[in-house]
Amino acid sequence: SECDVVWYSVGDIQNAFYAIAVPPELGSYFRMPPVRAGAVGRPEVGGERPSAATLLTPVLTVLPMGWSWALHLCQLVTEEGLARGGLSADVLVKDRAAASPLGPTRPLQAAGYVDNFMVQGAPCSRVAAAGKQVTASFVDQGFLVHENTTEPVPATDFVGLSFDGRA
């Protein structure tokens, strides 16, 4: 029966690191070395085109993927998206914590890893509703979600692991 199968709804936040803005007040921490305007095609700055010799100091306005805290901050955004999607902390599978087993009193579990998320459980209709709510929570926050399975599937791959709910 449908309840004998674990169903999965998975998603991936598109360009997650580049969708997370750095607050303007922190911009000074994300400055790059100065470069001559001529070397970068003399872009408009404040509505004016600087001379080729003018030094420009580029400032990153999005989360730099290689920054040591970027992975952690992206993980927090994903966990927040799961919570905003209506999934309580007790159904989240988290690093260094025991996961509660699926069953009649806990029909759903959810996991997030950096920019990927998965909702698993039974029946299929409950997983579908939860997956759509989580996706909507990310979209409402301005993120795009791709590779999203709006209709749950009984087998999937998630962050390098294969899951088969029919086994």
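The points below concern a predicted model.

1. The largest pocket has a volume of about 150 Å³. Its lining consists of Val93, Gln109, Ala110, Ala111, Tyr113, Met118, Gln120, Phe158, Val159, Leu161 and Phe163. By class, nine of these residues are nonpolar, two are polar and none is charged.

2. Which strands each supply at least two residues of that lining? They are S5 (108-113), S6 (116-121) and S9 (161-164). The most comes from S5, which gives four residues.

3. Helix H2 spans residues 70-84. Its 15 residues reach 21 Å from the first C-alpha to the last, close to the 21 Å expected at 1.5 Å a residue. The buried residues of H2 are Ala70, Cys74, Gln75, Thr78, Gly81 and Leu82. These residues lie on the same side of H2, because they cover an arc of only 135 degrees around the axis. An α-helix has 3.6 residues a turn, so residues three or four places apart point the same way.

4. What do the buried residues of H2 pack against? Their partners are strand S1 (7-13), helix H1 (16-19), strand S4 (92-93), S5, S6 and helix H3 (124-140).

5. Gln75 deserves a separate entry. This residue of H2 has a relative accessibility of 17% and therefore counts as buried, the cut-off being under 20%. Leaving aside neighbours within four places in sequence, Gln75 is in contact with Gly112, Tyr113 and Val114. Of these contacts, Tyr113 is also one of the residues that line the largest pocket.

6. Most residues other than glycine have a negative phi, and most peptide bonds are trans. Asn15, in the loop between S1 and H1, has a positive phi near 50 degrees and is not a glycine.

7. The peptide bond from Ala122 to Pro123 is cis, with omega near -5 degrees. Pro123 is placed in the loop between S6 and H3.

8. Val159 belongs to two of the topics above. It is not a glycine, yet its phi is positive, at about 45 degrees, and it also lines the largest pocket. Val159 sits in the loop between strand S8 (155-158) and S9. Is Val159 buried or partly exposed? Its relative accessibility is 39%, so Val159 counts as partly exposed.

Terms used:
Residues are numbered from 1 along each chain as its sequence is written. This is a predicted model: local features need pLDDT of at least 70, side-chain atom pairs count only at pLDDT 80 or more; totals for chains, interfaces and linings use all residues. Side-chain values use heavy atoms; hydrogens and water are left out. On a 1 Å grid over the protein atoms alone, a cavity is a set of points where a 1.4 Å probe fits but cannot get out, and a pocket is an open set with protein on both sides within 12 Å along at least five of seven lines; lining residues have an atom within 4 Å of a point. Grid points are joined across faces, edges and corners, and a volume is the space filled by probe spheres set on the points. Ala, Val, Leu, Ile, Met, Phe, Trp, Tyr, Cys and Pro count as nonpolar, Asp, Glu, Lys and Arg as charged, and the others, Gly among them, as polar. Buried means under 20% relative accessible area, exposed over 50%, partly exposed in between (1.4 Å probe, protein chains only). Contact means heavy atoms within 4.5 Å. The expected span of a helix is 1.5 Å times one less than its number of residues. The arc is that of the directions from the helix axis to the C-beta atoms.
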